Amino acid sequence: MDKRLLADYLRTYHGRPLRLMEVCGTHTAALYRSGVRGLLSEKITLLAGPGCPVCVTPTAYIDKLVALARTPGVRVLSFGDMLAVPGSTVSLAGARAEGADVDFFYAPEQALALAERMPDTQFVLAAVGFETTAPVWAAVAEGILSRGLSNVRLLTALKTMPAAMDALCGAGGIDGFLCPGHVAVVTGAEAFRPLAEKWKKPMVVGGFTPELLLAALCRLTREAERGNAGVWNEYPAFVRAAGNEKARSAVSRVFEAGEALWRGLGQVPGSGLYLRGPYAALDAGSRGLSADRAPEGCRCGQVLTGAIGPRDCPLFGKACTPEHPVGACMVSGEGACRICLITGKE
Ligand code: SF4
């Protein structure tokens, strides 16, 4: 359908009020930056969800990385955006300033090459992400074993989206979901059908360009208003019903599901991925995280579950800024608070 017609439908929608969640942080960023978010009828409320992997990482995970980085002979390596995420007392960047051995990589392959050159140093890689990133980490684990590297372990905080969406549905107050497009490339659109049927909600897989966002939101609005449940794939150029079977089989070869702690959602059964079988020996102590001690006044947990918007946090743009983040949602380029502040939009 023509882009202007789609935009007009969303701008002039006057049906029952709808609360729709975009689960994925990349969608949050695209919706703000494209201006699509700003053109919606006031009867449509878009809620940012828990789909930014950095944002949902609990403080206990950062604390564990910090403790490892302070251990003599151990170097912690991470993607750069994790460094500024506050732990319960200090971020990785703060710990590095105090002398802990922390560095970042652009790709995990770099870390393996470094470990090969420095056999006397123990490396711990921060493996954070969702279904999209898990196949990369599966390849890393396989690479560690096949190259015989005895000085590399992974501290995993890998999570899966359907289990988190199940928890959100249980809490209520959401009329439908814009499902994460990148995740769906791996899982397939059908991964969301059990949830759609269990909770009787519309779930629409969408892409990231303005045209694709408009198409997905129109579909979601129309089905939610009619009270329809089901899965619709509005990103068919990249998302198949069954997803990427090769990637999924790599993940299940290396990881198994288990309970995981999410910032905002608490413990979610079956939502974590942990090294299994021969790969379990590479684990640096990923299971059993129990504490998420948000800094005083931080409302990230409520932002991540759509209970409030970023601007509802009293620290937003005052005590909490991209230069001095108090919560994780102000750190990542996919964090709702950071995007909201930088774009200056509601
Ligand atoms: S403004 Fe900062 S402290 Fe408040 S919810 Fe957002 S990230 Fe957390």
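Predicted model: local features only at pLDDT ≥ 70, side-chain atom pairs only at ≥ 80, totals over all residues.
Take a look at the end of the order where β9 sits. Strand β8 (residues 202-205) runs parallel to β9, and four bridges join the two. Across this pairing, Val205 stands opposite Asn233 in β9.

## The six-stranded sheet

The model also holds an open sheet of six strands, in the order β4-β3-β5-β6-β11-β10, and here the pairing is mixed. Its edge strands are β4 (102-105) and β10 (255-262); each has a single partner strand, so one side of each is left without a neighbour in the sheet. The twist of this sheet averages 30° from one strand to the next.

Seven of the eight residues of β5 (residues 122-129) are buried, so the strand is largely enclosed by the rest of the structure. With β3, strand β5 forms a parallel pairing of four bridges, in which Val74 has Gln122 of β5 as its bridge partner. With strand β6 (residues 152-159), β5 also pairs in the parallel sense, over seven bridges. You can find Val124 opposite Arg153 in β6, and Leu125 bridged to Leu154 in β6.

## Helices against the sheets

Together, β5, α6 and β6 make up a β-α-β unit that is right-handed.

Now back to α7, the helix from the opening question. Besides the strands named there, α7 lies across β6, β10 and β11, and it runs at about 175° to β11. Which residues of α7 are buried? They include Met161, Ala163, Ala164, Met165, Leu168 and Cys169. An α-helix has 3.6 residues a turn, so residues three or four places apart point the same way. Just after α7 comes Gly172, which takes a positive phi of about 85°.

## Aromatic rings and charges

The count of aromatic pairs in the model comes to eight. One of them joins Phe79 and Trp137, whose ring centres are 6.5 Å apart with 80° between the planes, an edge-to-face arrangement. This pair links distant parts of the chain, as Phe79 lies in strand β3 (residues 74-79) and Trp137 in helix α6 (residues 134-146), 58 residues apart. Are the two residues buried or exposed? Trp137 is buried, with a relative accessible area of 0%, while Phe79 counts as partly exposed because its relative accessibility is 27%, between the cut-offs of 20% and 50%. The rings of Tyr235 and Phe238 form a pair as well: their centres are 5.4 Å apart and their planes meet at 45°, so this pair is tilted. Here Tyr235 counts as buried at 9% relative accessibility, whereas Phe238 is exposed at 55%.

Ring pairs also link Phe79, Phe105 and Trp137 into a cluster.

## A buried threonine

Our last stop is Thr59, in helix α3 (residues 59-69). Thr59 is buried, with a relative accessible area of 0%. Which residues does Thr59 touch, not counting those up to four places away in sequence? With that limit, the contacts of Thr59 are Pro86, Gly87, Ser88, Arg263, Ala291, Asp292 and Arg293.

Key: Residues numbered from 1 in each chain as written. Heavy atoms only, no water. Phe/Tyr/Trp six-rings, centres within 6.5 Å; stacked < 30°, edge-to-face > 60°. Buried < 20%, exposed > 50% of the residue type's maximum accessible area, 1.4 Å probe, protein only. Pairing = 2+ DSSP bridges. Right-handed = clockwise from strand over helix to strand, strands pointing away. Contact = heavy atoms within 4.5 Å. Axes fitted to C-alpha atoms, helices over the stretch in contact; angles between N-to-C directions.
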